[in-house]
Amino acid sequence: VGACKSWNDERGFGFLVDNETGEDLFIHRMHLVDCRGLVVGDQVTYDKEMDDRKQKYEARNCSGGSIPLAKSGVVKSWNEGKGFGFIVQDEDGEDLFVHRLQLAENPFLMVGDR
């Protein structure tokens, strides 16, 4: 169990602080389970796993964040080569960045998809 220490929503990552050890752990959006982002102070649960490339521990399978997962809208643009695009949200018409790694069922989108 830990708390969100920092979160950069544009870049999709941040840091948690472990409640028992005080250790800082990197967290990436692709390792969030039930939310799409964190807010500083969110109390979360996670698995602490070694990143073999960086030789540091990071948080994975993280749940308990405050920024809801579900949004709906229409794909405004999609760059297949780079694996990202933008969705116009039904709720407020604001553009929402989406990356292929965030797509649960189908990793491919086309303009006009809902």
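This is a predicted model: local features need pLDDT of at least 70, side-chain atom pairs count only at pLDDT 80 or more; totals for chains, interfaces and linings use all residues.

Q: OK. How many helices and strands are there in the chain?
A: There are zero helices and eight strands. Along the sequence, the pattern reads β-β-β-β-β-β-β-β.

Q: What box do the C-alpha atoms fill?
A: Roughly 45 × 30 × 20 Å, taken along the principal axes.

Q: And what share of the residues is buried?
A: Buried residues account for 32% of the 114 residues in the chain.

Q: What about the surface? How much of it belongs to carbon and sulfur atoms?
A: The accessible surface is about 7300 Å², and 52% of that belongs to carbon and sulfur atoms.

Q: Which strands pair with β4?
A: Strand β1, residues 2-8, pairs with strand β4, residues 43-51, in the antiparallel sense over two bridges. β4 also pairs with β5, again in the antiparallel sense, over six bridges.

Q: Can you give me residue partners? What stands opposite Gly 2?
A: Val 44 in β4 stands opposite Gly 2. For the other pairing, Thr 45 has Ser 63 in β5 as its bridge partner.

Q: How many residues sit between the strands in the hairpin of β4 and β5?
A: Four residues lie between them. In that hairpin, Gln 55 takes a positive phi near 55°.

Q: Now the close-up. Where is Glu 58 found?
A: Glu 58 is in strand β5, which covers residues 56-63.

Q: Buried or exposed, that Glu 58?
A: Buried. Its relative accessibility is 7%, and buried means under 20%. So Glu 58 counts as buried.

Q: What does the side chain of Glu 58 make a polar contact with?
A: The side chain of Arg 60, at 2.6 Å.

Q: Which residues does Glu 58 touch, leaving out those up to four places away in sequence?
A: Leu 25, Phe 26, His 31, Asp 47, Lys 48, Glu 49 and Asp 51.

Q: Last one. How many positive and negative charges are there?
A: The chain has 14 positive and 21 negative charges. Their mean positions are 6 Å apart.

Key
Residues are numbered from 1 along each chain as its sequence is written. Side-chain values use heavy atoms; hydrogens and water are left out. Buried means under 20% relative accessible area, exposed over 50%, partly exposed in between (1.4 Å probe, protein chains only). A polar contact is a pair of N or O atoms within 3.5 Å; within protein, one must be able to donate a hydrogen and the other to accept it, and residues adjacent in sequence count only if both atoms are side-chain atoms. Contact means heavy atoms within 4.5 Å. Two strands pair if DSSP finds at least two bridges between them. Accessible areas come from the Shrake-Rupley method with a 1.4 Å probe; for residues, only the protein chains shown count as cover. Lys and Arg count as positive and Asp and Glu as negative; His and the chain ends are not counted. The place of a charge is taken as NZ of Lys, CZ of Arg, CG of Asp or CD of Glu.
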